[in-house]
Amino acid sequence: MIKYLLGIMTIAALVLSCGGEDDANANGEDGFYSTEVPEADVLRVGIKQLEDSLTKISQDNGTDKKVTNLVQQACIEKLKLMYRSYPKDKDAALSLHKVSMMYSAMGVPDLSVKYADSLIENYPKYEQRWLVLQSNAMYYDMEVQPRDKEKMRYYLEKLINEYPNLDPEILDQSKSRLETIDLTFEELIKQQNQPS
């Protein structure tokens with residue numbers, strides 16, 4: 001019984017001695033609860049290694065889907081860390097684009113569009129921005145239920161206005177889709193397949 005009481009008193013003394021510290025330590029400001037972000041070059045190496053692993057996994061039909069998902073998620077987290085920690089880095093916008101594409105490939109289009117929107121908003125000079133605009137327009141055309149014509153219009157008009165020198169075929173398709181925006185994609189296909 002005495003050993004039991006001594007044990008409880010020791011634990012209580014430890015709790016009380018730790019409880020008197022200032023809030024800075026409780027919030028992890030002393031570094032105890034925080035993690036140091038690696039340098040951008042270290043992150044680049046880690047991202048490349050994970051991307052290489054994903055390439056190898058995709059070529060191996062016997063790989064468990066859970067393993068693939070874990071590697072994809074690890075890659076996504078490193079990519080997010082890159083653009084959040086180093087938003088002005090040369091690979092920040094590309095990292096954000098890759099996050100969007102990976103979520104799309106994983107069948108999570110809502111997150112894909114969310115990160116694509118961040119890319120559109122934060123990196124207006126990103127060279128593949130037109131592709132992100134086109135992708136988001138297609139999402140609101142074919143995947144969202146109910147279709148969101150206003151969002152479609154927003155992305156298509158932005159694409160047409162910001163990239164007047166883009167491949168004429170892509171511009172024509174975007175303008176044509178804008179003109180037929182009231183038709184669903186299925187209705188548009190039916191209309192195009194009807195004999196003249």
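In which helix does Lys149 lie? Lys149 lies in helix H8. In this predicted model, Lys149 has 33% relative accessibility and therefore counts as partly exposed, since that class runs between 20% and 50%. The C-alpha atom of Lys149 is separated by 9.4 Å from that of Leu178, although the two are 29 residues apart along the chain.

**Overall composition**

The protein chain contains 10 helices and zero strands. Read from the N terminus on, its elements run α-α-α-α-α-α-α-α-α-α. Of the 196 residues in the protein chain, 33% are buried. Among contacts with a separation of 6 or more, 52% are between residues 24 or more positions apart.

**Helix pairs**

Two packed helices are described by the angle between their axes and the distance between the axes.

| Pair | Angle between axes | Axis distance |
|---|---|---|
| H3 and H4 | roughly 155° | within 9 Å |
| H6 and H7 | about 145° | 10 Å |
| H8 and H9 | about 145° | 10 Å |

Helix H3 covers residues 40-59 and helix H4 covers residues 65-85; their axes cross at roughly 155°. Because of that angle, H3 is roughly antiparallel to H4. H3 passes H4 in a left-handed crossing. On the H3 side the contact is made by Ala40, Leu43, Arg44, Gly46, Ile47, Leu50, Glu51, Ser53, Leu54 and Ile57. H4 contributes Val67, Thr68, Val71, Gln72, Ala74, Cys75, Lys78, Leu79, Leu81 and Met82. By class, the contact of H3 with H4 has 13 nonpolar, four polar and three charged residues.

Helix H6 (residues 109-122) packs with helix H7 (residues 129-143), and the crossing of H6 and H7 is left-handed. The H6 residues in this contact are Pro109, Asp110, Val113, Ala116, Asp117, Leu119 and Ile120, while those of H7 are Arg129, Val132, Leu133, Asn136, Tyr139, Tyr140 and Glu143. The contact of H6 with H7 divides by class into nine nonpolar, one polar and four charged residues.

H8 and H9 also pack together, with H8 passing H9 in a left-handed crossing. Met152, Arg153, Leu156, Glu157, Leu159 and Ile160 of H8 make the contact with Leu171, Ser174, Lys175, Arg177 and Leu178 of H9. The contact of H8 with H9 has six nonpolar, one polar and four charged residues.

**Helix H7 and its surroundings**

H7 has 15 residues and reaches 20 Å from its first C-alpha to its last, close to the 21 Å expected at 1.5 Å a residue. Which residues of H7 are buried? They are Arg129, Trp130, Val132, Leu133, Gln134, Asn136, Ala137, Tyr139, Tyr140 and Asp141. The cover over the buried residues of H7 includes helix H5 (92-105), H6, helix H8 (149-162), helix H9 (168-179) and helix H10 (185-193).

**Ser112 in helix H6**

Ser112 lies in helix H6. Is Ser112 buried or exposed? Its relative accessibility is 8%, so Ser112 counts as buried, the cut-off being under 20%. Apart from neighbours within four places in sequence, Ser112 is in contact with Ser100, Tyr103 and Ser104.

Terms used. Residues are numbered from 1 along each chain as its sequence is written. This is a predicted model: local features need pLDDT of at least 70, side-chain atom pairs count only at pLDDT 80 or more; totals for chains, interfaces and linings use all residues. Side-chain values use heavy atoms; hydrogens and water are left out. Axes are lines fitted to C-alpha atoms, for helices over the stretch in contact, and angles run from 0 to 180 degrees between N-to-C directions. Helices (H or I, at least four residues) and strands (E, at least two) are DSSP runs, numbered from the N terminus. A crossing is left-handed if the near helix is turned anticlockwise from the far one by less than a right angle, and right-handed if clockwise. Contact means heavy atoms within 4.5 Å. Ala, Val, Leu, Ile, Met, Phe, Trp, Tyr, Cys and Pro count as nonpolar, Asp, Glu, Lys and Arg as charged, and the others, Gly among them, as polar. The expected span of a helix is 1.5 Å times one less than its number of residues. Buried means under 20% relative accessible area, exposed over 50%, partly exposed in between (1.4 Å probe, protein chains only). Angles under 35 degrees count as roughly parallel, over 145 as roughly antiparallel, 65 to 115 as roughly perpendicular and the rest as oblique.
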